[in-house]
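Please keep the sequence and the three-dimensional view at hand while reading.

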Amino acid sequence: MRKLMTGNSAVSHGVVLSRAQVISAYPITPQTTIVEELSEMCADGRLPAKFIRVESEHSAMACVAAAAATGARVFTATSSHGLAYMHEMLHWVSGTRLPVVMVNANRAIGAPWSIWCDQGDSLSQRDTGWLQLYCQSAQEALDTVIQAYRIAEETLLPVMVLVDGFFLSHTSEPVDIPDQAAVDRFLPPFRARYKLTPDEPHTFNIMADTSLFISFRHQAQTAMEMAKKLTARVDREFKRQFGRGYGLLEKFRCTDAEVVLLTMGTAASTAREVIDQYRRQGKKVGLCRLRLFRPFPAEEFIRFLSGVKKVAVLDRDNSLGAGGIVAQELKAALYRAPRKPKVFEFIAGLGGKDITPETIQKVIDTTLRQANPNGAPLWLEVEA
Amino acid sequence: MKKKKPLKKKLFLPPMSLSYEGSRASKTGTWRYLTPAYLNKLAPCNESCPAGEDIEAAMVLAGQEDCAGAWEKITQENPLPRVCGRVCFRPCEAACNRKEFDEATSINALERFVGDQAFQSGKRFAPPQEKKKEKVAVIGSGPAGLSCAYHLASLGYGVTLFEAQPKLGGVLRYGIPSYRLPKDILEQEIDNILSLGVEAKTGARVGKEVKWAELKKFDAVFLAAGAWKSLPLKVPGETAKGVMSGLEFLLRVNSGQTVALGQRVAIIGGGNTAMDAARSALRLGAKPVIIYRRTREEMPAWKEEASETEEEGIEFIFLSSPVKINTENGKVKGIECIKNVLGPVGKDGRREPRPIEGSNFVLPVDTVISAIGETPDFSFLPEELRKSTGSLPVDETGATAFKRVFAGGDFIAQPRTVSYAIGSGKKAAMAIDATIHGKNAVEGLRSARWGEKGSLSMARYKKGGTDGIAPEVVPFSDLNTAYFKRQARERKEKLPLSRRDSGFSEVNLGLSPASALYEAKRCFNCGVCNLCHNCFIYCPDMAISARPDKQGYDINYDYCKGCCICVEECPRGAISVEVKK
């Protein structure tokens, strides 16, 4: 069934189709309408889940963590400061290997106050042990939520699904809603291997002595490595069943590209139009949209960029004192590549500033014009 | 850290750190250096009740809509809840912790409600479980005498009440007007006491109809003949027709006699007797004026009585003292007064009035009622006891200089209130019981003590002081008021003013069942576990569990690590901390 809906509504539908059993969340713009719709569905019985109201995001994550520990399929959503407030619990959830799925509607972190989009909120949680999948469309958001449960429950790692605040969360587009029966075939009920139950009491997260802590971390790292392959496999299976797939890296006009623009989220759909303009001018320019940021698909990049001369990384984030986070990760990955492209770094669109076709033209023009990148990332469209 | 037992041959590491056993294996109680323990403590209302009522327990039951249970709790200590619920000066409410939060709980109105409800549902005193052979004479059937008779009869003693007046009740019948305490209610309360087998001899004034020597056949005597002798005004004209004492006036009105007052009535005094006399005079159709030598602030009458008197439109003349009663043909025709100023503070802590020379003024009045104080009449007592002036000396058990003769109520030196009288009657009953059985009365009374204000509990006395309630009183600071919401106090309905000057209908109308329940639930239940479950909910070690009988909680000290969150989260201070392992 095709329906016109916002990105947030698409997320809600994905959660319903995934048969989440426990939902706990605290409202924050631009995420709020996700859990608003879910709470209504819980209230009127369309979704037979327990909705737990809480006083903070920290508690919301604690609630879904506890529910997941009992073997329930859980969901929460947040944005920006709410995500920052969850920071501690993010570590606990991944350390406990709980398959929590969360949607974060990307929003800049203050100060100054902003409710608008950038990806600094989720990227600054990159070391918490969560998978991160960045979406470009409402359809992809719905599909990714369903995929996320498969990935989370098979790897016992939590998954964060990212939608750009307002650009995706609040804009409407036609979305194909899969049949429940089809989703049920794709996503069987969660059967936890370890769960809290009075029948077989265990304490979760007992103190690990010095000889064991590192081993638990190593297991999680191994799981993260596996998650890369699994994410690709789940996406392929999804494509087989539903006709839609996204990959870890989504490539556009890249086959013979000498210059590749790399970005994440909704900026990629604007970039597609711009790439076509350059192609019409005969310029060998392509686009790569990074969908799986964590675990970072380093090998995939090495293979893919072998033979590409220049990569322009457009970061909608910035690690103060270092630069764009996607660019940093990419450069680190390429260090072991036998043939390295030159990496041009750009920062744009922070705090909701629009990334227009002109913005993207500046990125591509600069990359085409300059033989070598500047010493530091180029900040676009900033006041002097 | 728990011991990991190897699984099969190879060490198997689960994906997350998890124990092989449940948390019960970890006895966190070994960490403890503070030990919480349930300890029911004394509520300040209980400590402050001169009649020694277990108010807190009664409030819990009333809050559970168990009026019969609440009535039983109250009447273990005080046989007259319907009387006290109307006339008590309610020191319990003055001590109520809730007043620090919003307003004191309406304990007094609830006592009345509980008493009235229990009576209407047919609750009566249970006959004594055993009969004892000893007999006790109780002289005077006011609140002290009735209380003593009730408690002794409940303990199984044979009791004979001697009353000088034709009917029982003493000050309750002949002193307190029926608009404050309706006579039918008083009679129902008295009948209930008599049903325990108390023998009543009315019209039997000791020293007149009954000789002192006749009392010798009793194993003990309780003297509670009240304070019925009015102090003289000591002004010229005091013997004229139309001058009477407040008590004499009230006695006649309350006996149903007609009293000719004329139009204008001057009442001299600022105590409760003066208020009662003035309000009774108003109801008889006269125009009363109260003349008091000091100001409103120094009036010894209770605030509520004084304000009701004022509400009813009765005139007060402050800072004035009578100097002469003007007469004509031996009958009152006016009263001459002098104006006062307040001088320095006197012995009793109040500023002394000083007359202003030449400030005399005359009020034309038909009747003068003097209500400047009352004193007991000792004339019927044997020589040795008659020597005392003011009040009869007694020791801490209520015993007089005569062996096995005890005294209480207004006969002895204590505040002249119904509840103190009831308390003294109960104290004498305990002391008599202990004395007759050759026990140490002082020890017996000590075991019955509730706090430090002299309240005595018969329930405690019977159990030898082992009722599980610690002697310490819970202060407001020990309560966790986060669990209470601010709620205004329910007030008693009152008879409209338009209906007060034409009859003796009861002025206070009491609480509706809904208001009574609301008030009972406003009670903090200071110091006593009421099974609110907070400790159970908050214990992070799940060391607290409800007892199998659901009448309390147990702490499993194998797991209690002494965080004492339960102590903090107990709304009513019913958990204490011991600092030791």
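Along S10(A), the side chains of A:Val259, A:Leu261 and A:Thr263 point one way while those of A:Val260 and A:Leu262 point the other way, and all of these residues are buried, a residue being called buried if 20 or more other C-beta atoms, placed from the backbone, lie within 10 Å of its own. Because 5 of the 5 residues of this strand, residues 259–263 of chain A, are buried, S10(A) is largely enclosed by the rest of the structure. The model is a predicted one, in which local features need pLDDT of at least 70 and side-chain atom pairs count only at pLDDT 80 or more, whereas totals for chains, interfaces and linings use all residues. Residues are numbered from 1 along each chain as its sequence is written, and chains are lettered from A and ligands numbered from 1 in the order in which they are written.

Helices (H or I, at least four residues) and strands (E, at least two) are DSSP runs numbered from the N terminus, and two strands pair if DSSP finds at least two bridges between them. S10(A) is joined by 5 bridges to the parallel strand S11 (residues 285–290) of chain A, where A:Val285 is the bridge partner of A:Val259. Between S10(A) and S11(A) the chain passes through helix H10 (residues 267–280) of chain A in a right-handed β-α-β crossover, that is, one whose path from the first strand over the helix to the second runs clockwise with the strands pointing away from the viewer. A further 4 bridges join S10(A) to strand S13 (residues 310–315) of chain A, also in parallel, and A:Leu261 stands opposite A:Ala312 there.

In chain B, an open sheet of 5 strands has the order S5-S4-S3-S6-S18 with parallel pairing; its edge strands, S5 (199–201) and S18 (405–407), each pair on one side only. Strand S4 (residues 158–162) of chain B is connected to S5(B) by 3 bridges, and B:Thr160 has B:Glu199 as its bridge partner in S5(B).

Methods: A residue is buried if 20 or more other C-beta atoms lie within 10 Å of its own, exposed if 12 or fewer, and partly exposed in between; C-beta atoms are placed from the backbone.
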